[in-house]
Amino acid sequence: MLWACIVLPHLALDGVLRRRPDAGPLVLVDGPVNARSIVSANREAREAGLHVGQRLSAAQALLTRFDALPYDREAVDRWHRFLAAVAYRYSSEVSLLPHAIVLEVSRSMGLFGPWPRLEAMLRADLAALGFRHRITAAPTPHAAYVLAGVSDGQAVLTPDTLRRALQGVPIGKSRLPAAATEALPGMGIRTLGQLLGLPRDGLRRRFGVELLAALDRLTGELPAGLDAYRPPDVFDLRIELMHEVENIASLVFPLRRITGDLAAYLAGRDGGVQRFVLRLEHRDGKVTEVPVGLLTPEREPGMLFELARGRLDQVQLPEPVLAMRLIARDLPPFVPGGRDLFDERPANALPIEQLRERLRARLGDRAVHQLDSTTDPRPERAQAVAGQSPCGSGFSRDAFAFTNPKSPIPNPGSKASRLKPLPQQPLPQSDEPRPTWLLDRPIPLRGTAPRILSGPERLETGWWDGGEVCRDYYVVETSLGQHAWAFCAPGEQAGWMLQGWFA
Amino acid sequence: MGAVVALSTLLDAQQVWRGRAAPIPVGEQPTGWAELDAALPAGGWPAASLSEILLPADGVGELRLVLPTLARLTQGARTVVIVAPPYLPCVAGWQQQGVDMRRVDIVTAGDNDVAWAMEQCLRSGSCAAVLAWPRQADDRTLRRLQVAADHGQALAFAFRDRKHLPHASPAALRLELEAAPRAQVWVRKCRGGSVPAQPVPLGRALH
């Protein structure tokens, strides 16, 4: 067993700094209204002489201009859980400790490589998300937690070396029960090494079994007894903006953050997102919802950002925005698209799925489709929008079936949208000529009487659903030289109706 | 005039320039129309370039001109995108011409977005050919499309009305279709060669 511990010493401050530029002194304050004190301060504030534990009134006497924000416990808890979800990418055993996350990595190293590489990946992830951290590794989670309290980057990879690594840890940093850590230094026991060398019976008589149990958990004699973290099935993140935003362009920065967080969460879950909602919150509880739907599950941060931005660009803001919230409930498994080894496309080609999403983001959800033939012989119904994408993983086949692209499209994914199943393979081709352009609905063919090139082909069908037709189809040439597919009533060669063009 | 110099030594010393036409890249993108291929300097469509096709009206054989190419590309599992077609492509008719409709994406776009959508498709590099019917396309737009086609190594086809013929165009190839009295194609501009003086007849067998 090898446990990694990520200590997040500035979780609250980092969470705040993610949504505002780090400019000027900033402190987080907590406590009763008349006795607020500083719980966290950024570098500029510390350089100005402010420090943690200082009264807000004392700080105000020192420095005239600085920002003081309330310490938000809920936000800290939310970030804590969010980072646990990110860490879940590297291990299935993740637990939360105060201001820290521990994860079991011995089995993960087979996939991600030896510990130094895994550590570098964890650090890169956390740095990209903007959270300062200390990372250590030890054979037990509690030992890793203790070591992270005194150092950064220490890795104790075998149980034999654990006791030696713990020797020099001061009692004050040992995270043992408070009664013991207060009393032990007075007895001359200043390090964990000294404490571990003491007879157990005496310790039990003096401090009770809790201390012994804590020591045993530290050294691995007892199981760690931690609750395993389970990532939530719904992603719900809210970013409160620092001031009221009136134009969409100013929402780009928080949007990039929020979609980046979504991508990090999805990577941790090894899932993708198919649809999510951006909720722009205005004053008085009013909201503007921006739904974003994708054809296939995606999780690439740049793409999620671009698509969400495309949808956001089309929104007219009725009122200034105070906060942005992203809710994703539809989180199907992510299947990376395969690429042909002998692909003829340029090496830097954008995948076709991403191209489709980009077009849909600007032109609308119904803008990109494919056509497929149906079994119906009537020209108006002989083809339908297909749900088949070339690689087979794209649009689900039954999601998009309708006969006319201008008619309302059913909500993709809803069960109610199932229409007739479409054939998997192209149907056997008719020997009769078929045009290459088809009109939405037949229109009268104007102009002088056309010259008949071939025909007639009689279509007498549709009796089963009330849309019965009986027509004689001809290929005719107009005076302009166009070849048209036109029909007229059986037996007549007048009153031509244009159905399509042989373009 | 005394010394006799062997011709081969002169040539080997590379002191003599030998007039020779630049080699023509032969037929990377054949049109599927043998006579047209013969008339075009690239032996087919100019690869990774914009081709402009000018029409007197819709339905004069403009699709028959490109369908052999689309059939070849889609059967090679390459994607073809149709942007803002004036009518619905008829699946049965296209299949009769050998096009695999599962590789054909149709994009509906408003007049203002046609050029944008076409450029995105061309630039992406994942489309083998992009067909579009831009109504509003000025010289600058066409130039952008030409650059995008080059960037994404795709065939770009812009179908426009014949009235645009007098205006200069940055397209690598300009064809004008004539339907009456006879179906034929005039090559109005072709990069890398002289414009043929005679039109190319276009067979219009129904299927």
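How many salt bridges are there between chain B and chain A? The points below take this up with the rest of the contact.

1. Basis. This is a predicted model, in which local features need pLDDT of at least 70, side-chain atom pairs count only at pLDDT 80 or more, and totals for chains, interfaces and linings use all residues. Side-chain values use heavy atoms, without hydrogens and water.

2. Salt bridges. Chain B and chain A share two salt bridges (a side-chain nitrogen of Lys or Arg within 4 Å of a carboxyl oxygen of Asp or Glu). One of the pairs is B:Asp113 with A:Arg362, at 2.7 Å from N to O.

3. Extent. Chain B puts 49 residues into the contact and chain A 50 residues (heavy atoms within 4.5 Å). The buried area is about 4,400 Å² (accessible area, 1.4 Å probe, lost on putting the two parts together, summed over both). Carbon and sulfur atoms give 59% of that area.

4. The side of chain B. At least two residues each come from α3 (62-75), β3 (88-89), α4 (91-96), β4 (104-107) and α5 (114-124) (DSSP runs numbered from the N terminus: helices H or I, at least four residues; strands E, at least two). The largest share, six residues, belongs to α4(B). By class, the side of chain B that touches chain A has 26 nonpolar, 14 polar and nine charged residues.

5. Strand pairing. β12 of chain A (residues 368-373) pairs with β4(B) in the antiparallel sense, over two bridges (DSSP must find at least two bridges for two strands to pair). A:Val368 has B:Val107 as its bridge partner in β4(B).

Note on methods
Residues are numbered from 1 along each chain as its sequence is written. Chains are lettered from A and ligands numbered from 1 in the order in which they are written. Ala, Val, Leu, Ile, Met, Phe, Trp, Tyr, Cys and Pro count as nonpolar, Asp, Glu, Lys and Arg as charged, and the others, Gly among them, as polar.
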